[in-house]
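Could you walk me through this model in the viewer, one selection at a time? I would like to know what to pick next and what is there.

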Amino acid sequence: MNKLLAFLTNLHFRIAYLRHILWSILTVIVVSSVVIIVFISGKVITKPVGWEKSFLVSYSLKTKNLQVTSRGNFITAVYEGWNGNKKSIYASISFNGGLSFLRPVRVTELNTQLDSNPYPTISSDGQVTVMWSAFIEKESTSRMFYSTSTDRGATWSSPKQIYIGYEMEMLPKPFYDNKGRLHLFYHGLKGGVFNLFHAVKTKEGYKTTGSLIRLTRNMKGAFFPSIKFSGRYIYIVWQ
């Protein structure tokens, strides 16, 4: 064996074209070994474990703009979906942490092909509220609406408009706090400038604050917030 290796090494350094052949053979062996390891391995492990699993949520519906919220193992997924030519907002419910979802339930039918971007939230007692925005032709602007389920997504109330009064209101994001109060964050057009606003639901309706973001002259507006509740504090990050 030593004599064979010495002979091959001698050929490698003495004859140029043999060096190319030997390197080509070595490359083929290495690449083949990698392919065998990657594609013949019987098990794929991801971190965190479990991302390789997927579960059907919307069944046969054509969908878009999905949003999900949870309270323990109770999960609500809402989205815009088409049943034939009819567009509606649907909710899919899971009671086992997402291992399976019940068939979609229609929240409301939509009379527009524009995006409504529904967004859900769940209270501590299991009440589910979904909010969305829709273009109102008579006003030539966007307004916000909501529907509520008190039986964990089995049935839904008729849609109701949220009256704020700005030039435009859209993209609502509702949240229940730990005291059961319903908060609303949304984009509003006021004085020709888009900003982010906050409102809390009361017996009289939604009591809104002024604009949340102090804009400087070089800012065109505030958009697309990410919101997190933690105890008595609310954290918001925006673009």
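Start by selecting Thr-121 and Thr-129: Thr-121 stands opposite Thr-129, which belongs to strand S6. Keep in mind as you go that this is a predicted model. Now widen the selection to the two strands. S5 (residues 119–122) pairs with S6 in the antiparallel sense, over four bridges. The hairpin of S5 and S6 has five residues between the strands, and there you can pick out Gly-126, which takes a positive phi near 90°.

Next, follow S6 towards its other partner. S6 and S7 also form a hairpin, with four residues between them. In that turn, select Ser-140, whose phi is positive at about 55°. The pairing of S6 and S7 is antiparallel and runs over nine bridges. For a landmark along it, show Ala-134, which stands opposite Arg-143 in S7.

How much of S6 is buried? Seven of its nine residues are, so the strand is largely enclosed by the rest of the structure.

Stay with S7 (residues 141–149) for a moment and select Thr-148, which lies in this strand. Thr-148 has a relative accessible area of 15%, so it counts as buried. Leaving aside neighbours within four places in sequence, its contacts are Gln-127, Val-128, Thr-129, Thr-155, Trp-156 and Ser-157.

Beyond its neighbours within four places in sequence, Trp-156 is in contact with Ala-91, Val-105, Arg-106, Val-107, Val-128, Val-130, Ser-147, Thr-148 and Ser-149.

Trp-156 also takes you into the largest nonpolar core, a set of 14 residues in which Trp-132 and Trp-156 have the most contacts. Two or more residues of this core come from each of strand S2 (74–83), strand S3 (86–94) and strand S6 (128–136). S6 gives the largest share, four residues. Apart from this core lies another one, of 13 residues; to find it, select Met-144, Tyr-146, Ile-164 and Leu-182, which are among its members.

Now for the aromatic rings. The model has 13 aromatic pairs. Begin with Phe-175 and Phe-185: their ring centres are 6.1 Å apart and the planes meet at 75°, so this pair is edge-to-face. Phe-175 sits in strand S9 (residues 168–176) and Phe-185 in strand S10 (residues 182–190), so the pair ties together parts that are 10 residues apart in sequence. Buried or exposed, these two? Phe-175 and Phe-185 are both buried, and for Phe-185 the relative accessible area is 6%.

Two charged side chains over rings close the tour. Select Lys-62 and Trp-82, and you will find the charged end of Lys-62 over the ring of Trp-82, 5.7 Å from its centre. Then move to Phe-74, where Arg-152 lies over the face of the ring at 5.1 Å from the ring centre.

Methods. Residues numbered from 1 in each chain as written. Predicted model: local features only at pLDDT ≥ 70, side-chain atom pairs only at ≥ 80, totals over all residues. Heavy atoms only, no water. Core = buried A, V, L, I, M, F, W, Y, C linked by side-chain atoms within 4.5 Å. Buried < 20%, exposed > 50% of the residue type's maximum accessible area, 1.4 Å probe, protein only. Contact = heavy atoms within 4.5 Å. Phe/Tyr/Trp six-rings, centres within 6.5 Å; stacked < 30°, edge-to-face > 60°. Lys NZ or Arg CZ within 6 Å of the ring centre and 35° of its normal. Pairing = 2+ DSSP bridges.
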